[in-house]
Amino acid sequence: MSTERENIKKELKEISTEIGNLEKRNPFRVPDDYFEYLPHEIQKRKRVSESPAELWLGFFPREMIRITAVTLILIVAVATGLLLVNRHDQEMMVTHEDELYFEEYLAWYSEYQQLDFYEFISENNFQADDGLASEELLIDYLIDYSYYYQQSIDELIED
Amino acid sequence: MATYSDAELLDLFHNGGNPGYAFNLMVVKYREKVYWHIRRLVIDHEDANDLTQDVFFKAWKGLNGFRADSGLFTWLYRIASNESLSFLKKKKMRYFLPWQDYENILAERVDSGQYLMEMRLKKNYRKQFCHCLRNKGSSFNLRYYDEMKYEEMSEVLDTSVGALKASYHHAVKKVEEHLKNH
């Protein structure tokens, strides 16, 4: 190396006397004992990279892992959103309990307010296929009708 | 700690029964050269530190397949050069700035750098740095600071010896011109 150093110095002086005569100094410094700790830092990194999780992930480029992670987060976010919307829809759907409620309501209504009820049916031109309003068809009709107008059955009939 | 030749280190790595120990000896032998080579390219200590670790980590992963066609030292320099240039390209893209602007950013960092020691060489260095970036190589650094032979530089930079001599000559002239003007 010392011969090469002399060659370099000679060559430099031939190209530029001024630079060839300059004392060569490093314009930068490093933190104290940096080079002492550097091998330990590299060993530490080597050990981490050899852990099973890192080995498994090491098969894939970092960029791919990042994109996959972002995609998964987006999928989870969209799925959560859909679930919440669906739950809201399910709450709006007619359940068996609703039907029971209407049946009871109808029983009560037909018993105590038969006139109003028949008036409501005739006003809305409701007719079953056989020309008679069967109980089951009436229930379905009232359920649909109340949901359509977002009103209770009392309000519907009163209107 | 005894200093091993490249051939001895490789032999120890492949046949010594403890590749980790051989690798550690290699790190100890080349840590400073690799670090300073990177530091002169990327300027910032934190960046140079990260990249130096990356280089040795890549060397650890690739040492098994290293065929010793070139010297260990040359191989490490090549990895370091590639990593540094790739890092600078990514950083430049991150700033969305043309090369000249990015050079100015780094030059300012040199100006205000806490590790700065000498004004005259600092200015000298800034010019060299810009020159190196434009040429996507570091012929001046490898020759002037690392005292490499042209043949070794040729392997590192994958350029002919003739082209490197011309590039080095040009770089020295540029530095001289810069010093005269400042």
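# Briefing: chains A and B

In chain A, residues 24 or more positions apart account for 48% of the contacts with a separation of 6 or more. The model is predicted. Chain A and chain B bury about 4100 Å² between them, and the contact takes 32 residues from chain A and 46 residues from chain B. A search over all chains finds 8 salt bridges, and 4 salt bridges are found across the interface of chain A and chain B.

**Chain A**

- Chain A has 9 helices and 0 strands, so that its elements, from the N terminus on, run α-α-α-α-α-α-α-α-α.
- Of the 159 residues of chain A, 25% count as buried.

**The interface of chain A and chain B**

- Carbon and sulfur atoms carry 63% of the area that chain A and chain B bury between them.
- Between the two chains, 10 residue pairs are in polar contact, counting pairs with both residues at pLDDT 80 or more.
- On the side of chain A that touches chain B, α1 (2-15), α2 (17-21) and α3 (34-49) of chain A each supply at least two residues.
- The most comes from α3(A), which gives 11 residues to that side of chain A.
- By class, the side of chain A that touches chain B holds 15 nonpolar, 4 polar and 13 charged residues.

**Salt bridges between the chains**

- R5(A) and E147(B) meet through their side chains in a salt bridge, at 2.8 Å from N to O.
- Another salt bridge pairs the side chains of E11(A) and R143(B), at 2.9 Å from N to O.
- This pair crosses between chains, with E11(A) in helix α1 of chain A and R143(B) in helix α7 (residues 139-145) of chain B.
- E11(A) is buried because its relative accessible area is 16%, under the 20% cut-off.
- R143(B) also counts as buried, at 4% relative accessibility.
- D54(B) forms a salt bridge with R45(A), and their closest N and O atoms are 2.5 Å apart.
- D54(B) lies in helix α3 (residues 45-62) of chain B and R45(A) in helix α3 of chain A, so this pair joins two chains.
- D54(B) is partly exposed, with a relative accessible area of 22%, and R45(A) counts as partly exposed at 23%.
- Salt bridges that share partners join E4(A), E11(A) and R143(B) into one network.

- E41(A) forms a salt bridge with K44(A), with the closest N and O atoms 3.4 Å apart.
- Both residues lie in helix α3 of chain A, 3 residues apart, which is about one turn of the helix.
- E41(A) is partly exposed, with a relative accessible area of 32%, and K44(A) is partly exposed, with 43%.

**The nonpolar core**

- The largest nonpolar core has 60 residues, and those with the most contacts inside it are M26(B), F56(B), L63(B), L72(B) and Y168(B).
- Helix α2 (residues 19-42) of chain B provides the largest share of this core, 12 residues.
- Leaving out residues up to four places away in sequence, Y168(B) touches I8(A), E11(A), L12(A) and I15(A) in chain A, and S139(B), F140(B), R143(B), Y144(B) and Y150(B) in chain B.

**S154(B)**

- S154(B) has its place in helix α8 (residues 150-157) of chain B.
- At 19% relative accessibility, S154(B) counts as buried, because buried means under 20%.
- The side chain of S154(B) reaches the backbone oxygen of T159(B) at 2.7 Å.
- Neighbours within four places in sequence aside, S154(B) is in contact with T159(B), S160(B), V161(B) and L164(B).

Notes. Residues are numbered from 1 along each chain as its sequence is written. Chains are lettered from A and ligands numbered from 1 in the order in which they are written. This is a predicted model: local features need pLDDT of at least 70, side-chain atom pairs count only at pLDDT 80 or more; totals for chains, interfaces and linings use all residues. Side-chain values use heavy atoms; hydrogens and water are left out. A nonpolar core is a set of buried Ala, Val, Leu, Ile, Met, Phe, Trp, Tyr and Cys residues joined through side-chain atoms within 4.5 Å. Buried means under 20% relative accessible area, exposed over 50%, partly exposed in between (1.4 Å probe, protein chains only). Helices (H or I, at least four residues) and strands (E, at least two) are DSSP runs, numbered from the N terminus. Contact means heavy atoms within 4.5 Å. A polar contact is a pair of N or O atoms within 3.5 Å; within protein, one must be able to donate a hydrogen and the other to accept it, and residues adjacent in sequence count only if both atoms are side-chain atoms. Buried area is the accessible area (1.4 Å probe) that two parts lose on being put together, summed over both. Ala, Val, Leu, Ile, Met, Phe, Trp, Tyr, Cys and Pro count as nonpolar, Asp, Glu, Lys and Arg as charged, and the others, Gly among them, as polar.
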